[in-house]
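Hi there,

Here is the structure I promised to pass on to you. Please open it next to this email, and then read on for what I found in it.

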Amino acid sequence: MILERLDITGFGCLRDVTAELHPRVTVIAGRNESGKSTLLRAVRGALYGIDAGGQGRAVDRSDWARYEPWGRGGYGLALTYKLDDGRRIRVARRLDTREQSVQVLELGGSELTDELRSGRTVTPGRFHLGIDEAVFCATAWLGDDGLRIDAPEGARQRAVALQEAIERLADTRRGTTAAQALVRIRAATDRVGSERRASSPLGVATARLRVLDRTIADARARLAAVALDQERLARLDEALSAEADRWVLAERARLSGRLADVSDRRVRLTDLIREAKLQTAEAEATAYYAKFPLDAETEVITLGGELTQARLNAEGAEARWSAAVERLRPIRTRREEIAAGVAAIGTAGDASSDLGERSQRLSGELIAAGGAVRRDSGDDAREAALRREIAATGLRGLPAAVIDDLVPQLEAARRGGLAFGGAALLIAGVTVAAVMGFAHAHAGVAAVATALLGAAGAAICGWRSWGRSRTAARARDAATVLALDAGIDPAELARLSARLPVLRTLHQALDDTELRTARRRADAEALQIALTSLVTRCQALAAEAGVLEPLPAPSATADGALSGAAAMLDRVDFVVVRARRRDELLAEDAVLSAEDAAGAQSTEDLERSTRAVANLEVRLRTLLAASGIGPAAADPDFAVSGYRHDCEMRRRHDEARRRITEIQRSARALGGDAAMLEALETEAAEQLLQRGGDPAVALATTPPDAAEMQQLDLEAERARRAATSASDQARDLRARLGGVLDTLPAIADLEDERSACDAARERGLRQLKALHTAAEMIEAAAKITHRELAPRLADSLGSRLSLLTGARYVDVNVDTDHFALGLLGRERPDMVPLDAVSHGTRDQVALLLRLALCEVLGGAGERTPLLLDEPLLTSDPVRRDRLIEFLHDLSATHQVVISTADPAMIEAVSRITLGDSSVVRLEDPPVLDVVGEAHSLGRHSARMRLVSGQG
Amino acid sequence: MTTRLLHLADLHLDRVFASMGCQGELARRRRQGLREALLSAGHLAVESGCAAVTIGGDLYEHERAGVETGRFLADTFASWQPMRVLIAPGNHDSLLPGSLYRRVEWPSNVTIFGTTHLEPFELADGLTIWGLGHREPAWQGDPLGEVPATAGSGVHLALFHGAELGSRPDGKSIHGPFHAERIRASGFAAALCGHYHRRRLDTTSGLLYPGTPEPLGFDDEGGRGPVMVEVTGRGDVHFMPHDTNRWTVHTVRCDAEECGSVESVIEEVAMTCAATGFDDPERTMIRVDLTGAIDSAVSMDAFTVELAVREHLNLAVVKVRDLTTPLIDLDAAMAEESTRGAFVRAATAAAADADPDDAAMLDDALRYGLMALSGAEVGLR
């Protein structure tokens, strides 16, 4: 890139300045504050724009504000430069507002503004030089200390500074190296600290977190324990309440039982006392019988009882005997009558028991046989009647088979052909009449058609009439032949042909009747045989029954035989009836005989009872007399009754004595003292009332027995102990909880602090991780960048260094870590460090290094012009001339623009470059006018004067 | 006759507030604020002649609730007698073994619903409250799954802790899921619920979420407090919200794009916070989302900003979320042939393939690296 022309409308102190630049070396000359540096800044501004602040950068401290024109008028500039390919570009910027406007034109070509835009800014330098503004500043634009040619530091320091400059450029293109950035990150890492470093924030948070975890765990455990204790206390309170209730209930039950028991004892004792008095009175009343003997009581009472029973038996026997005597009298009369009846029946006619049944059976058979005989005559009369009807038809000789053949023939003969003949005549007549009618009406066609139809109809009917007449004739012939075969006159047959169906029916009925008559005759023969057998059996039965009368003679007719057999059976029945009557009389006599015998037995019973009563009376009197107590009374019953009374009195006396003893024992068991029991009852009732019980209810219940009372006492005692135990436990636990509750830590407070510590720790760890990652990435990126840049720098440097140092140094080595330079000369076999070479060489290397950086960082861009702002300010003439020579040589590839206020410098450049340079002179700054307006201070306009070459 | 109830829920007594940047004395003040909210609600209920205070769960947080909390609740409820207190335990105060509901001796006016199906409590003639309680923190049953016998005369209200699925906020856990349409279908005039921290009054479906009485997180902005429920003699139910909260939270966005130093960032954040117009700074908590591209040379440190703004405005809490990005033309930086360019390329490439956590860490690494490479002190996020 060759800068050709710079037009400044207004930029800082410069106004309306135009500078034409030499393609090799241009010297910007002017006194201090004349605007030399501003002009170089304007070149940079044209290529990269002017930063106007914003986005975190103060506007008032921006370059846009700094280079605002000092006077009124426009704020802008334009730069024209030529590219290596010959194209000429003009960049015009208007800087009146922060937003700025810019236009880039290819002279003789199109507008390139948008093509050279990077984000919101248009940067032709970045596109055409291939380097951004930072690299441009660091390499192509050198200030007065940029080369450090006359810097006061030692050689090593200068070399190190150069290395750092390269490093900064390679790492950030700003004032920081990767190593310095890592130092910053390490400082931040140190600020975060580590978990193990207790004094660091992260260490503090971690340690506190551990403490809090333990504290919270302890607190939770304590809270859980307290919660358990509280629950236990609640359960204990419930249990206590339940036990107390149970105790009250048990105590109430015990007192109720006790009250009921005492009351019951008191009542029973009172009853015993009352009964004792009664028993004492009883004993005193029966004291007379205290020694009455009771030994013979059982025997006396038994005998008395037996005597009473014997007397009752004797009375019963006597009553039965009297009744038997009265009953026997008619019995004996009846027996005599029976004996007479039996004698009258006699002994003849003894018959077996089934004789009557067999006679009845034979009688039934006789009745059935009589019925069969009476059914014989009906069919004969019917047969005779049918024969008479057949004869009445006049066709008796005509058999039934012939009738069946005749009837169809006669039917066919009757049909004939008369009907169809009449029809033929009628059709013919009608046709003739119609034809004549049509002919008269001159309807020829109709007449002809009618004639044809009529002729056809008459012909058909005629043909049918002829057919039927012939069939009838054949049927009549056949009927005549059949009649002659049957011996009947055909004329008679024609007359009587209407009777043929009736005759046929009569013949059928006659055939049926004849068939039945034949069957009946066979049955009559069988009946005759059976009847003979039946009469024989009747005779046998009569003989078996001993019928003494002569039997009737057998009859030839069936009715006679039947009558005879019936008479025999009647006689058999009479014999059977007599035998039955005799048997009945004998059976009645047997019954009467048994009753007669029973009457005799009652007489014996009466005698035996009387004897038993006498015996018992004797024994009782003997026993009473033997005991010496009973009176020798005539009535044994009275004696026994008295004996029993005395015995009873003796027993009552004994019972009263025993009862008195028993009462005394029971009274002792009940306490013996009614007053004491009453006092106890009162006391129990009061206690029961105190425990919420009802004495009335208790007194109404059944008093418990001793075992139940003991059980109630035990339960009450057990309930009391349980309630007391629960109460003690609840009291102890409550006291313990009371001491703990106020010392419990607030979990929420601890958790808040723990959460804060945890968050701080997490944040610290996250920061550490991010910082470590950033450091690792920067280290890796620096290593990669340095390894890529170092050899390229060495190549670029080496190629120029050999040329510019007259091949004194032929190669350069650039260290990949920190860009430390080593030069390989002809005079030494090893690499010479930069701090070991001469000042001039070092300056040359520094300048070449910048150009190399321009090339390396600019990639395939244009050759970068060098803008040197008073670079040789403090150098001596020899070194100055040497460097001007170097710059002149360098300008063959890189345009050089030098600003200076030193006339000697201008002269030296003119002398050394031999016409390859030009000078741009800026006007002197105005003298300060202390009375002028403030805004005019330092303001001036510049007018460019071109001094071309030596001229 | 009109019956009034005061419904509240999600008080979360003994809650931890570290996530809001509170700890120590400030956190204790916040917890005390929750207790004062309960006292205030009771005072309002008594003054308004309410028949009962209904609590829709999450009255306290079981893991942290101690004996003292139980004592406070029992004493507070006892002081409201004869007004009834009906409690339907939720997922944070479920009826676990060892819960306060089981071990505290509650006054006689307190009724705690202890079954996972709705049980009736006849509050007044013709007004029945049906309640249920969570018996475990992860209970997933449907509160309206079994239709109770509400067919009879009178007004029936449901009281439970549950998640209405039709209006569930993003990320809110599901406990006791149900649909609002089921409220009326089940025979209830209204469902007095708890679980969602934002207030919701839906007279159409009868759904009522009173929200938290005091803000529990930075998302709980606006007025908060219990809701008065008025049941008229004709069976109509009206909801009347009361804003009784004494603590307020705000989330503001602050653009630090123009800030060239930490001091200017602090100034910008302070101005943004002041613009919220808070009344009581000592009970005001502000979350600041700091955005914009900041030059890497500015050593931004969120903690420094929080501290400075809090002291400057005397606020209870200032929580800064640093969402700023480095002021850098990333495309240009990535194209740069330098260590910085290589670093940006490496960090960007690594972040592109990383999971969200690592990507966030790499974002921080990029930020720290750019700060360091710009020569500035590394300000930590």
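The helices α23(A) and α24(A) cross in a right-handed way (a crossing is right-handed if the near helix is turned clockwise from the far one by less than a right angle, and left-handed if anticlockwise). Helix α23 covers residues 877-890 of chain A and helix α24 covers residues 903-913 of chain A; they pack at an angle of about 50 degrees, and their axes are 10 Å apart. Axes here are lines fitted to C-alpha atoms, for helices over the stretch in contact, and angles run from 0 to 180 degrees between N-to-C directions. The two helices α23(A) and α24(A) are therefore oblique to each other; angles under 35 degrees count as roughly parallel, over 145 as roughly antiparallel, 65 to 115 as roughly perpendicular and the rest as oblique. From α23(A), the contact takes R880(A), D881(A), I884(A), E885(A) and H888(A), and from α24(A) it takes M905(A), A908(A), V909(A), I912(A) and T913(A). Contact means that the C-beta atoms of two residues, placed from the backbone, lie within 7 Å. By type, the residues of this contact between α23(A) and α24(A) are five nonpolar, two polar and three charged. In that count Ala, Val, Leu, Ile, Met, Phe, Trp, Tyr, Cys and Pro are nonpolar, Asp, Glu, Lys and Arg are charged, and the others, Gly among them, are polar.

A few notes before you go further. This is a predicted model, in which local features need pLDDT of at least 70 and side-chain atom pairs count only at pLDDT 80 or more, while totals for chains, interfaces and linings use all residues. Residues are numbered from 1 along each chain as its sequence is written, and chains are lettered from A and ligands numbered from 1 in the order in which they are written.

Now for another helix pair. The axes of α7(A) and helix α20 (residues 706-741) of chain A come within 7 Å and cross at roughly 155 degrees. That makes α7(A) roughly antiparallel to α20(A). Here the crossing of α7(A) past α20(A) is left-handed. Their contact is made up of 20 nonpolar, four polar and 13 charged residues.

Stepping back, chain A contains 24 helices and 16 strands. Helices (H or I, at least four residues) and strands (E, at least two) are DSSP runs, numbered from the N terminus. Of the 951 residues of chain A, 31% count as buried, where buried means that 20 or more other C-beta atoms lie within 10 Å of the residue's own, exposed means 12 or fewer, and partly exposed is in between, with C-beta atoms placed from the backbone.

Next, a sheet in chain A. Which order do its strands follow? The order is β2-β1-β4-β5-β6 (chain A), an open sheet of five strands with antiparallel pairing; two strands pair if DSSP finds at least two bridges between them. At the edges are β2 (14-20) and β6 (101-106) of chain A, each pairing on one side only.

Seven bridges join β1(A) to β4(A), with G10(A) opposite G76(A). Seven bridges also link β4(A) and β5(A) in the antiparallel sense, and there G76(A) stands opposite R94(A). The strands β4(A) and β5(A) form a hairpin with five residues between them, and G86(A) in the turn has a positive phi of about 95 degrees.

In chain B, strand β1 (residues 3-8) runs parallel to β2(B), with four bridges between them. L6(B) faces V53(B) in this pair.

Finally, where do the chains meet? Their contact takes 52 residues from chain A and 50 residues from chain B. On the side of chain A that touches chain B, α21(A) gives the most, with 23 residues.

Happy exploring!
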